[in-house]
Amino acid sequence: MSSVGSAEGPGGLADPSMEDWMSHLPAALWDTPLCHLAIPGSHNAITYCLDMDNRSPVDLTQPDMLQKLDRYLKPIIRPFVYKWAVTQEFSIKQQLDCGVRYYDLRIAHRPNDSSSDLYFYHGVYTTITVETVLQEIREWLDDHPKEVVILSFSHFQGLTSELHLLLLDMIRNIFTSKLCPPMELLTLRNLWSSGHQVIVSYEHAAASSHRELWPPIPYWWANKCKAESLIEAFEHRKRHGRPGGFFVTGINLTEDLKYICTHPTESLKDLVMSTYPTLLCWVREQTPGSTVGSLNIIAGDFITESSFAPTVVALNQKLLPRS
């Protein structure tokens, strides 16, 4: 019996194999639009390899004062930036193995870099290149032919028109026939039949003539540092209805300067882990689907911790016909 067919019985989502959870979904969900399923996502996905060895400056989105302090007081400033910039601690392969299928990818060309290499960034730049990460995703997908990933490229920093073209060519050359062009009805069944495994959203005008790329995916961001405030903001937003296609609800908390200064010994991970019980309790109450108030992609920080991905995937049980 195939791995997909074996999940048709009762309790198919109770304890899913997260590495292959899409192929283990009950057959009743194979024709559900992907934008109506509950999908675990990784906010600022590539921050597990930020540069701590002073080979690059803090990124250019940071305040001028912080950039100056980093130039002259690197040994003091860099660890401080690092503990609030890291949002994920595990590699892209480990995140894929844990069941994450949406990735928030923020792309940069490092200042004063004579090469055309592209990196990720958050506070500082990564040591790993974009090409290396995309190749790792491709290799993982080759080994998991019925899993589908959504890659959202955005927050471009320092990219010229030529570098955008280089990145777009890189995406095409790495994923080739796995790239899924925009279509109205996107389900697991038609993805499996076509061999498509990669949905790429590209938030820049450079992609306008590339038919294989999807438009930007809306990201609901509450900009709160307390779980209760974040939940309140999302409950208010849900009352106005969900977007028609893919969209992300980001349960990632946002620290402000006041919070950082009043918690000098803490880190972003301390903040996130202290609030995960409250946030996951709220997630368990959510419902995927097409109705007002339903959610689709749910993204967070440190998503390999706690039971984030299994909690999100289990929401799909609510879409099954009642017996």
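Figure 1. Gly 41 has Tyr 102 as its bridge partner in β2. The model is predicted, so local features are given only at pLDDT of at least 70 and side-chain atom pairs only at pLDDT 80 or more, whereas totals for chains, interfaces and linings use all residues. Residues are numbered from 1 along each chain as its sequence is written, and side-chain values use heavy atoms, with hydrogens and water left out. Strand β1 covers residues 39-42, and β2 covers residues 102-108; the two run parallel and are joined by two bridges. Strands are DSSP runs of E with at least two residues, helices are runs of H or I with at least four, and both are numbered from the N terminus. Two strands are taken to pair if DSSP finds at least two bridges between them. Strand β9 (residues 297-300) also pairs with β1, in the parallel sense and over four bridges; within β9, Gly 300 is the bridge partner of Ser 42. Ile 39 and Gly 41 point one way from β1, Pro 40 and Ser 42 point the other way, and all are buried. Here buried means under 20% relative accessible area, exposed means over 50%, and partly exposed lies in between (1.4 Å probe, protein chains only).

Figure 2. Gly 41 belongs to β1 and counts as buried because its relative accessible area is 0%. Beyond its neighbours within four places in sequence, Gly 41 is in contact with Val 100, Tyr 102, Ile 297, Ile 298, Ala 299, Gly 300, Ile 303 and Phe 308. Contact means heavy atoms within 4.5 Å. Leu 151 is 110 residues away from Gly 41 along the chain, and the C-alpha atoms of the two are separated by 9.8 Å.

Figure 3. The side chains of Gln 197 and Lys 178 are joined by a polar contact of 2.5 Å. A polar contact is a pair of N or O atoms within 3.5 Å; within protein, one must be able to donate a hydrogen and the other to accept it, and residues adjacent in sequence count only if both atoms are side-chain atoms. With neighbours within four places in sequence left aside, the residues in contact with Gln 197 are Leu 141, His 144, Pro 145, Lys 146, Glu 147, Val 148, Val 149 and Lys 178.

**Figure 4. Arg 211 and Glu 212 in the loop between β6 and β7.** Arg 211 and Glu 212 both lie in this loop, which is set between β6 (198-202) and β7 (219-221). Arg 211 is exposed because its relative accessible area is 76%, while Glu 212 counts as buried because its relative accessibility is 17%. Residues up to four places away in sequence are not counted in the following lists. Arg 211 touches Pro 181 and Pro 182; Glu 212 touches Arg 172, Leu 179, Cys 180, Pro 181 and Pro 182. The side chains of Glu 212 and Arg 172 are joined by a polar contact of 3.5 Å. Arg 211 and Pro 181, 30 residues apart in sequence, lie 6.4 Å apart in space, C-alpha to C-alpha.

Figure 5. His 155, in strand β5 (residues 149-157), has a positive phi near 50° although it is not a glycine. It counts as partly exposed because its relative accessibility is 41%. Thr 176, likewise not a glycine, has a positive phi of about 40°. Thr 176 is found in the loop between α5 (161-175) and α6 (188-194) and is partly exposed because its relative accessible area is 42%.

**Figure 6. Lining of the second largest pocket.** The pocket is lined by 13 residues, of which Cys 35, Met 183, Trp 214, Gly 245 and Phe 246 lie nearest its centre. By class, the lining has 11 nonpolar residues, one polar and one charged. Ala, Val, Leu, Ile, Met, Phe, Trp, Tyr, Cys and Pro count as nonpolar, Asp, Glu, Lys and Arg as charged, and the others, Gly among them, as polar. On a 1 Å grid over the protein atoms alone, where a 1.4 Å probe fits, a pocket is an open set of points with protein on both sides within 12 Å along at least five of seven lines; lining residues have an atom within 4 Å of a point.
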